[in-house]
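Work through each task before turning to its solution.

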Amino acid sequence: MPPGTSRRIVILAGVVCTALGLVVLTGWQTHQVALVRVHPDLPAMHRNTAVAFLLSGTGLLAMAFGRRRLAGGCGVLVAVLGLLVLGG
């Protein structure tokens, strides 16, 4: 792989995750069913899953740009959200 390729992949993954989370949350806020489904044959994405996507994407972008504390904080929030969902 050429130098910097892995960083570009992380940035691309972060942008895609963040954008997907924002689109789904916007769909829930505006009550547009087309925005909360990744595919018409699949069930709607839950709000907490969209928040997890948003936080995960933000964490990836933070890590790519050297913001380790922000990335760690996003990771902790995703883990706490997952534990709350599984535990509740």
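**Exercise 1: Leu 77**

Leu 77 counts as partly exposed because its relative accessibility is 47%; buried means under 20% relative accessible area, exposed over 50%, and partly exposed in between (1.4 Å probe, protein chains only). The model is predicted: local features need pLDDT of at least 70 and side-chain atom pairs count only at pLDDT 80 or more, whereas totals for chains, interfaces and linings use all residues. Residues are numbered from 1 along each chain as its sequence is written, and side-chain values use heavy atoms, with hydrogens and water left out.

**Exercise 2: H3 and H4**

Task: Describe how helix H3 packs with H4.

Solution. Step one: two packed helices are described by the angle between their axes and the distance between the axes. Step two: for H3 (residues 47-64) and H4, the angle is about 160° and the axes are 8 Å apart. Step three: H3 is therefore roughly antiparallel to H4, since angles under 35 degrees count as roughly parallel, over 145 as roughly antiparallel, 65 to 115 as roughly perpendicular and the rest as oblique.

**Exercise 3: The chain**

Task: Count the helices and strands of the chain.

Solution. The chain has 4 helices and 0 strands, in the order α-α-α-α from the N terminus on.

Definitions and conventions. Axes are lines fitted to C-alpha atoms, for helices over the stretch in contact, and angles run from 0 to 180 degrees between N-to-C directions. Helices (H or I, at least four residues) and strands (E, at least two) are DSSP runs, numbered from the N terminus.
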